[in-house]
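Please look at the backbone of the model shown here.

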Amino acid sequence: MARKSMRLVVGIVWALASACADLQQDPLDQGTGTIQGAVKNDEGQAVEAALVYILSDVSLFAESDESGAFVLESVPAGTHTLVAVSESGLGTSIEVTVFGHKTCEVDLTLTEAGRLIGSVTLEGEQDHQGSLVYLPGTSFIGYTNAAGAFILFGVAPGCYGLHAEHPGFLSRDLEPVCIQAGQDRTLQEITLLRSAAECAADEDCGLHQGCRQGRCVYEEGYSDETCNGEDDDGDGLVDEGLARACGIDEGACEPGVSQCLGGVMSACMWEVGPETEICDDELDNDCDGQTDEPDCTYVKVQFIVDCSGSMQMTDEDNLRVQGVREVVEHFAASPGVVFSVVKFNMRVQVLTDGFTRLNGDELEVFGPEGLMEADSMTDYAGALIAAREEIARDIQAADPATAARTKYMVVFLSDGKPEPVCDTCASEPPEHPDYDPHCDADLGVVCYLNDDIALDLGLLQPGELPGLQPHNAYNTDARVLELVDAIAALDDESVGEIQLHTGYLYCRDEHGNPTTPTCSAAEQAYGLDPEASRALLRAMAEHGHGSFTFYTSGSPIDFLQLDYSVD
C-alpha cells in the first residue's frame, strides 16, 4: 500500500533504437506491411496485455497475448516509432522501418524508467491548473494541477527539452535535462508570464491557423486534435498527444492516464485505486478524505503453501516464497494487516505464532526450513484442519467489535492433488464389500499414493498425516471440500468476511507447452495429474467463495493480483 505521491496526467517517452532496417528495399514503396513480435520484461518473461502501437497513428495498435506475442497489420510503409507499455507502467520504444508487403519481426523489452517532477506557476494567479507540459518531439503530454505540480513518468534515460504553455501566457522552453534509469529528477520551477496577445501575425500561429484579433484561429476544415481517428489539425498525425488524467487523486490513491487509441480513449492505466480502509495504518486507503475511520477493516491473510517434493522441479526458483514475501512487503505500512503461514507436505506446520506482523525476512517462514522446504506427499486435509484451527482460535480471542470488522483471506497453493488418499476399509473377511488386503486393522483405513501404491500406516512417524482419524476418509475430494466448507462456515454474523482462494502451479502452460526443462521428469516421478488437480482446486475456491488462479512454473507467482478489499 504505497503512500500517495502527487501525480497528474503522465507521458511516456522512451529511448529509440532501430529494428528491421537491414532489408535492402526502399521503405517508401507503396503498400502496407506487418509488424509482429513479442513483449518481454527485462528478465525475459512474457508480458501479457501490453499495449503496442504506432506513435504517429495510435489507431494502429495491438495487445500482447499471454505469451507476449502481438501483431500489427496494415502499417503504412515507412519508418515509425513503435511503443509498448504495460499496465504497470514499464515500457520501451524502438524505431521500425516497415516495407510494403513485408513482415517485420521485433522483440520489445520493457524496462523501468524515471520521472520528471516539477511545477508551473501562472503570473498573478492563485489557481495554476491546466498548463500543458510536454517533451518536444514526443506525443505525450501532462497537465498541472491547481498547485501547478506535474509529473511525467516512464521517461527513458536520456536528455530532453521541456515545453510549458497556457492560454493567455507566454510559453517557455527549458534547457535539456538529463535523467537516469529509475531516477526521480526534480526540475526548476517554471513561471509563465502573461501575454497581451497570443499573436500579432499569421506566422505567429501554428499550421493551418491565422491570427484574428490577437488570437490564433484554425482555417475552415481544421480544428484542435480530438480523439476520433482523424487528423483534425492537418499536421499529418492522427490523434497525437491526446491523454488525460483519470482515477482518484486523494489519499493513498494515485491518478492514472487514459490515452487515445483507435479513436477512443482507453481505460484508465497505471492508477492506484481505492481499497478497503485498513485499521491502524494512518493511511486513507479508501480515498474518501478520512483516515482509519470507525468502519475500517482488519485484514488477516493466511497462506497455506504446498512444500511437497515435486516443488523441487515445478518451483526450482522458490517463486512461491517470493510471492508470499511480496504480499508481506506490500502491506508493510499497514499494521492492520497480519499474517498466518501454514506449510504442508506429509507434515503440517504453522510457521507463525497465530496471526502476526511479518517483514519478509523471517527465516523460520521464508528460509530452507520454512516455505523453501520440499518434502514428500501433499496432505491437503491436514493443512486445512490446521488452518481452520488457527482462524477459529483467532476469532475466539478477538473482541466482538474487532471480529465483526475483520476479513480473513485464505490463500491455498499447490502443484498437485492430495497425497496420500485414504478411505475406509475392512481388513476381513475377504468377502466384505470394503475389504482391502492393505487395510490397516487398527485405523480401519487404507491409504494409496498415485492411486496404486499402498502406504504402510504402521511406518508413520510422529507428526505425519496429523489429521488422519480411525474409520474416516482422508484427502479424498469430498473430505477436502468438507474441510473448506468448515472454514467458510466460520463466516457467521460475528465475523466480517472469510474467503478461500486457490492457486495451481504447473510446469506446462495452458497450451500444454513445458515451461521448465524438468517438466516431463516431474510428471513421471510424482505422477502429476493436472486435470484432477485443477478441478479440485477450482471446486475448493468455489466452496470457499474465492477465486482460482493458474500459475506456470518459472513465472512469477503473483498473489498481489488477488482482491484484499472487502465485498
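**Backbone features in loops**

Histidine 471 is exposed, with a relative accessible area of 53%; exposed means over 50% relative accessible area, buried under 20%, and partly exposed in between, with a 1.4 Å probe and protein chains only. Histidine 471 is not a glycine, yet has a positive phi of about 60°. Its place is the loop between strand 28 (453-454) and helix 6 (477-488). Helices here are DSSP runs of H or I with at least four residues, strands are runs of E with at least two, and both are numbered from the N terminus.

This is a predicted model, in which local features need pLDDT of at least 70 and side-chain atom pairs count only at pLDDT 80 or more, while totals for chains, interfaces and linings use all residues. Residues are numbered from 1 along each chain as its sequence is written, and side-chain values use heavy atoms, with hydrogens and water left out.

Methionine 377 also is not a glycine and has a positive phi, of about 65°. The loop that holds methionine 377 runs between helix 3 (363-366) and helix 4 (380-397). Is this residue buried or exposed? Methionine 377 is buried, at a relative accessible area of 16%.

Next come the cis peptide bonds. One joins glutamate 419 to proline 420, with omega near -5°. Proline 420 sits in the loop between strand 25 (406-414) and strand 26 (421-424). Another cis bond leads from glutamate 428 to proline 429, with omega near -10°. Proline 429 is found in the loop between strand 26 and strand 27 (445-449).
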